[in-house]
Amino acid sequence: MTGKLLSLFVVSVLIANAQGFTFKNKYPAQWAIPPTNTPQVQQWMAEVNAHPLVNLPIIKTDKDGNPIIPKSLPSNACDWTYNLCINKDITVCPSGYWGLTFDDGPTPHSTKLYDFLKTTNTKATLFYIGSNVVAYPDVAQRACADSHQIAVHTWSHHAITSLTNEQFVAEVKYTEMAIKEVCGVTPKYANYEIRDYIFKSFRPPFGDIDNRIRSLLTAMGYVSVIWDLDTNDWQMPPGGQRTEAQVDADFAKWIAAHPQDKTGHIVLEHELYDTTVSAAIKNIPAVQAVWKTVPVSTCLNDAHPYAEKNVTLPTIASPSSIAKPNNATSSTAAVSSAAASPVAATAASSSAAAAAAVSPSSTPSPSSAETGSGMASTAALAAWVIMSAVFLT
C-alpha cells in the first residue's frame, strides 16, 4: 500500500429495516468520532489507563481527514501506514487456508453476500463498523445467526493514528457495545494469547496502526488483524474506477501462484457496494477450488471467538463446517441449522422484542451529542452520505 490518498464522497441509498430494532443503549452520532466527555468513555479510559501504554505523536490530517504521512517517526512507532511495520498483528493463515474477510458492513448489499455464503456453506470474518450496526441491526443479526465471525472495525472509520487515546477507545468500545446488543456476543479471540491476555478481534481502517494504537488495543483485550492480499475492491464504482476485470485478474494471479505459497492468506474484501459483493461472489468459487475458505478465528484454531462460551465456531482441528476445496475427496459436512445456533437464538429473541415499526428520521449531525438509537439506528433513511479518506494502492 502506498501513501497516496483519495478523498471519496459516496452516496448510498439505505433500505428501511423490515423488522425494526429498539436499542436500550445510547450511541454517538453515526459516522462521527464519538464525544469523549461522557461518564461511559471516562469509565473505559480508567480501565485502559491501568495498563502500560505507548506514547507516540498523534498523526496530523489534512482538511479531508487524510493522515499526513510524516517524513520520519520515532523508532518505536512501528507504523503500518508509514512502512508496513507489523508487531504481533495477524496477517496470514496457515498453509492451505484462505482467511475470508469483509470490511465495512453491515450494508444494504450484505444480504446478497450472506445468501451466497449460506448456499456455499462458507463462513467469513465480518469486520463491522459500529455506525452501520446501529443503522442495520437486522442485517447484523442475520450474519450472527449464520455463524459468521463478527469483529470490530471502529465506529466511524477514521484513520485511527490521527485520533486521541480517548477517541480511539470510544470508537472501539461503542462498536463492541452495539454488536453485543444486536447479536448477544462480544467479539473475542479466546484461544489467541499474548503475554497472558485473551484477545478480541479488531481491524484498523486502511490498516492504519502504530504501537500507540496497539497498546490501547492490548489494554482493551484486542489484537489487530491486517491482511496479506488486498483486492482493492473498494475502488470499484461508485467508490472509484477499478474494473471488475482488474479485480478478477488479481484473483487469477493469486490462484496461479498458489503452488509457491509458503503460508495461507488473509484477504481484504468489502461488503460495501453491490459491485464489491458481486466480485466476491464471482471469484470465491475459484478460490475454493484451491484453498479452504475460513474465518480468521478458524485460522487460529479458536472455537470460541467471543466472550460468551456457548457459541462455537469451526477450527482447523474440528473442521465440520469449513468450506473445503471443490477438488477435496471428502464431502463438506453439513452445518448445524441456524435455529440450533446459540447466536441464532439470541438474534431471534432480540428480533421478537424489537419494535414492529419505527418512524423514519434523519442521520444525526456530527456535532450531535449521544443519541438514543431507538430513533436513528432503526430509521428508514432517505440517503446515507459518507465522506471518508481512503488509500489508493
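Let's start with Cys85, which is partly exposed at a relative accessible area of 22%; here, buried means under 20%, exposed over 50%, and partly exposed in between, using a 1.4 Å probe and protein chains only. The model is predicted, so local features need pLDDT of at least 70 and side-chain atom pairs count only at pLDDT 80 or more, while totals for chains, interfaces and linings use all residues. Residues are numbered from 1 along each chain as its sequence is written, and side-chain values use heavy atoms, with hydrogens and water left out.

**Disulfides**

- Searching the whole structure turns up three disulfides, a disulfide being a pair of cysteine sulfur atoms within 2.5 Å.
- Cys85 is bonded to Cys78, with 2.0 Å between the sulfur atoms.
- The torsion about the S-S bond of Cys78 and Cys85 is about -95°, so this disulfide is left-handed.
- Cys78 is buried, with a relative accessible area of 12%.
- Another disulfide joins Cys93 and Cys299, whose sulfur atoms are 1.8 Å apart.
- The Cys93 and Cys299 link is right-handed, with 80° about the S-S bond.
- That pair connects distant parts of the chain, 206 residues apart: Cys93 is in the loop between H2 and E3, and Cys299 is in helix H10 (residues 296-299). As for the labels, helices (H or I, at least four residues) and strands (E, at least two) are DSSP runs, numbered from the N terminus.
- Cys93 and Cys299 are both buried.
- Cys144 and Cys183 make a disulfide too, their sulfur atoms 1.9 Å apart.
- With 85° about its S-S bond, the Cys144 and Cys183 link is right-handed.
- Counting bonded cysteines along the chain, the disulfide pattern reads 1-2, 3-6, 4-5.

**Aromatic rings**

- There are ten aromatic pairs in the structure. Rings of Phe, Tyr and Trp (its six-membered ring) pair if their centres lie within 6.5 Å; planes under 30 degrees apart count as stacked, over 60 as edge-to-face, and the rest as tilted.
- Trp80 and Trp227 are an edge-to-face pair, because their ring centres are 5.4 Å apart and their planes sit at 65°.
- Trp80 belongs to helix H2 (residues 80-83), while Trp227 is in the loop between strand E9 (222-224) and strand E10 (229-230), so to speak a link between distant parts of the chain, 147 residues apart.
- Trp80 is buried at 6% relative accessibility, and Trp227 is buried at 9%.
- Trp98 and Phe251 have ring centres 6.2 Å apart and planes at 25°, so they count as stacked.
- Since Trp98 lies in strand E3 (residues 97-105) and Phe251 in helix H8 (residues 244-256), this pair ties together parts that are 153 residues apart in sequence.
- Trp98 and Phe251 are both buried.
- One aromatic cluster is formed by Phe21, Phe23, Tyr27, Trp44, Trp155 and Tyr174.
- The charged end of Lys292 sits over the ring of Tyr97, 5.3 Å from the ring centre; that label applies if NZ of Lys or CZ of Arg is within 6 Å of the ring centre and within 35 degrees of the ring normal.

**Cavities**

- The whole structure contains four cavities of 30 Å³ or more. On a 1 Å grid over the protein atoms alone, a cavity is a set of points where a 1.4 Å probe fits but cannot get out, and lining residues have an atom within 4 Å of a point.
- The second largest cavity holds about 50 Å³ of space, a volume being the space filled by probe spheres set on the points.
- Its lining residues include Ile59, Pro67, Tyr82 and Asp208.
- The lining of the second largest cavity divides into six nonpolar, two polar and two charged residues. Ala, Val, Leu, Ile, Met, Phe, Trp, Tyr, Cys and Pro count as nonpolar, Asp, Glu, Lys and Arg as charged, and the others, Gly among them, as polar.

- Gln288 is in helix H9 (residues 274-288) and is buried, with a relative accessible area of 5%.
- Pro34 sits in the loop between strand E2 (26-27) and helix H1 (39-48) and is buried at 3%.

How values were computed. 1 Å grid on protein atoms, 1.4 Å probe; cavity = no way out; pocket = protein on both sides within 12 Å on 5 of 7 lines; lining within 4 Å.
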